[in-house]
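These are my notebook entries on one chain. I went through the topics one at a time and wrote down what I looked up.

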Amino acid sequence: MRLNTSTHPPTSRGGLHPALLVVTAVLALVGGLLLAWPGRAGAAADPLISRGKPATASSSESSSLGAAQAFDGAPATRWASAEGKDPQWIRVDLGATATVSRVKLTWEAAYAKAYRVEVSADGATWTPIAEEKAGNGATDDWTGLSGKGRYLRVYGTARGTAYGYSLFEAEVYGAVDGGPPPGGAFTVVAAGDIAAQCTASDSGCAHPKTAALARQIDPKFYLTMGDNQYDDARLADFRAYYDKTWGAFKAKTRPVPGNHETYDPAGPLSGYKAYFGNIAYPQGKSYYSFDEGNWHFIALDSNSFDQAAQIDWLKADLAANGKQCVAAYWHHPLYSSGGHGNDPVSKPVWKILYAAKADLVLNGHDHHYERFAPQNPDGKAAADGIVEIVGGMGGAEPYPIEQVQPNSQKRISGQYGVLKLEFTDSGYGWTYVGSDGQVKDTSPKYSCH
């Protein structure tokens with residue numbers, strides 16, 4: 001276990017006078033206490049920059065123990081290498097050149113006795129910034145680092161057990177060059193109910209138009225709220241329709257499945273999983289979370305809200321969250337004035353999110369746009385309530401408004417478009433932009449709870 005430890009290469013251990021050794025030991029002890037003191041200069045100054053970033057490894061013990069599990073922020077998931085083989089490594093792509101100041105490694109029982117922390121500009125040539133030669137597992141917290149690169153890897157050279165290497169979490173802290181300030185403003189585009197079985201050659205086909213708009217906005221990333229592909233979400237249909245439009249920015253998309261993804265004759269979510277791959281299953285599950293700025297985003301699968309595994313995961317994920325602002329998104333809305341109406345399957349999830357002071361929920365399923373005032377899980381207006389948006393206008397045939405629900409502030413049906421959401425480190429707002437490029441609705445500005 002290594003906590004708040006200097007990472008400078010060790011000096012020679014021979015040739016020092018015994019008295020000088022004693023003085024050195026005392027100074028080291030005092031220095032260590034000062035470093036551990038919460039008020040020390042620079043303590044926890046830099047933000048976490050590795051959460052949810054693309055990760056790879058030299059090997060994985062199984063598909064459920066992949067490299068992404070070490071960067072997902074979930075304390076119960078982990079990466080595990082193949083057993084009994086040295087060396088092994090895990091690396092993360094930080095997305096841009098970054099200055100790394102701290103690396104925190106939380107080991108499972110299969111820990112590294114010897115390893116290096118290295119950075120690289122190109123993923124080929126590596127520079128060590130920290131080295132452990134006598135590790136004993138638990139938590140290694142390397143602070144005071146000075147490394148620069150787009151990629152960071154942990155390169156294990158000697159196992160501490162007969163098994164492999166296994167990390168619950170690998171956290172990289174620092175500053176990304178040329179990017180927005182950590183916790184600063186960023187834009188997200190969102191929509192649900194997207195790709196009908198038509199192409200741009202059909203003048204009535206809407207998803208090519210919403211995709212063109214979404215691409216023009218060029219947000220930080222895209223969210224989809226389910227029913228990405230109609231009618232049965234086969235892989236062949238994803239490739240024939242969705243991929244030709246919204247698929248242009250698949251790498252920047254964070255999707256969730258809808259009920260149509262469960263209709264695939266090859267099996268529920270089969271085509272969805274095959275098309276999106278690790279993008280939709282970064283933790284080996286159809287639900288996941290990630291951070292951006294001061295926001296924690298939770299992607300859920302409302303087809304399985306009745307399964308304890310997802311509910312337990314959600315509770316653990318929220319308990320581990322360190323961000324002030326929380327947004328969640330899935331397919332079936334708890335409240336809707338459209339044809340499907342309210343869906344009580346989402347109420348237990350709302351209760352969990354409300355207790356955790358979540359701010360925003362995005363849904364699809366009903367093919368219209370609607371925004372609600374902050375409300376609690378029982379549908380009562382509340383200052384500390386959750387704001388819900390129904391955004392099912394990504395390309396599927398529109399549904400009419402049928403029964404207006406309490407707290408519904410704005411409803412638009414019969415038009416296609418996307419949500420353009422603006423997030424800051426303390427709040428958010430959005431516009432509903434039609435596929436003609438015109439703003440159809442502008443929200444109030446909200447502060448995070």
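**Entry 1: Ser346**

I listed the contacts of Ser346 (heavy atoms within 4.5 Å), leaving out residues up to four places away in sequence: Phe305, Trp330, His332, Pro333 and Leu334. I located Ser346 in the loop between β15 (325–329) and α6 (347–355). Is Ser346 buried or exposed? Ser346 is buried, because its relative accessible area is 0%. The classes I used are buried for under 20% relative accessible area, exposed for over 50% and partly exposed in between, with a 1.4 Å probe and protein chains only.

**Entry 2: basis and overview**

I noted that this is a predicted model, in which local features need pLDDT of at least 70 and side-chain atom pairs count only at pLDDT 80 or more, while totals for chains, interfaces and linings use all residues. Residues are numbered from 1 along each chain as its sequence is written, and side-chain values use heavy atoms, with hydrogens and water left out.

I found six helices and 23 strands in the chain; these are DSSP runs, helices being H or I with at least four residues and strands E with at least two, numbered from the N terminus. Of the 449 residues, 51% count as buried. Among contacts with a separation of 6 or more, 74% come from residues 24 or more positions apart.

**Entry 3: the open sheet**

I traced an open sheet of seven strands with mixed pairing, in the order β13-β14-β15-β16-β18-β17-β19. Two strands pair if DSSP finds at least two bridges between them. At the edges are β13 (288–292) and β19 (408–412), each of which pairs on one side only. The twist from one strand to the next averages 15°. β13 and β14 (residues 295–299) run antiparallel and are joined by five bridges, and Phe290 stands opposite Phe297 in β14. I then checked helix α5 (residues 308–320), which packs on the sheet and touches β13, β14 and β15. The direction of α5 makes about 175° with that of β14; axes are lines fitted to C-alpha atoms, for helices over the stretch in contact, and angles run from 0 to 180 degrees between N-to-C directions.

What covers the faces of β17 (residues 369–372)? Tyr369 and Arg371 lie on one side, Glu370 and Phe372 on the other, and all are buried. β17 pairs with β18 (residues 387–391) in the antiparallel sense over three bridges, with Tyr369 opposite Gly391. β17 also pairs with β19, antiparallel, over four bridges; here Phe372 stands opposite Ser408.

**Entry 4: pairs made by β8**

I looked up β8 (residues 147–159), which pairs with β4 (residues 88–107) in the antiparallel sense over nine bridges. Thr99 has Lys148 in β8 as its bridge partner. β5 (residues 112–120) pairs with β8 as well, antiparallel over eight bridges, and Ala114 stands opposite Ala158.

I counted as a nonpolar core a set of buried Ala, Val, Leu, Ile, Met, Phe, Trp, Tyr and Cys residues joined through side-chain atoms within 4.5 Å. The largest core has 30 residues, and Leu362, Leu419 and Leu421 touch the most other members. Beyond its neighbours within four places in sequence, Leu419 has contacts including Val188, Met225, Leu362, Tyr369, Gly391 and Trp430. A second, separate core of 28 residues includes Tyr111, Ala112, Leu152 and Tyr165.

In helix α2 (residues 207–217) I found His207, Pro208, Thr210, Ala211, Leu213 and Ala214 buried. The buried residues of α2 pack against β10 (186–191), β11, β20 (417–423) and β21 (427–434). Asp218 follows α2, with a positive phi near 55°.

**Entry 5: rings**

I counted 31 aromatic pairs. Rings of Phe, Tyr and Trp (its six-membered ring) pair if their centres lie within 6.5 Å; planes under 30 degrees apart are stacked, over 60 edge-to-face and the rest tilted. Tyr222 and Trp246 are edge-to-face, 6.5 Å centre to centre with 70° between the planes. Tyr222 is in β11 (residues 221–225) and Trp246 in the loop between α3 (235–240) and β12 (253–256), 24 residues apart. Both Tyr222 and Trp246 are buried.

Ring pairs also link a cluster that includes Phe186, Phe290, Phe297 and Trp430. The charged end of Arg254 sits over the ring of Phe290, 6.0 Å from its centre; the criterion is NZ of Lys or CZ of Arg within 6 Å of the ring centre and within 35 degrees of the ring normal. The charged end of Lys273 sits over the ring of Tyr281, 4.8 Å from its centre.
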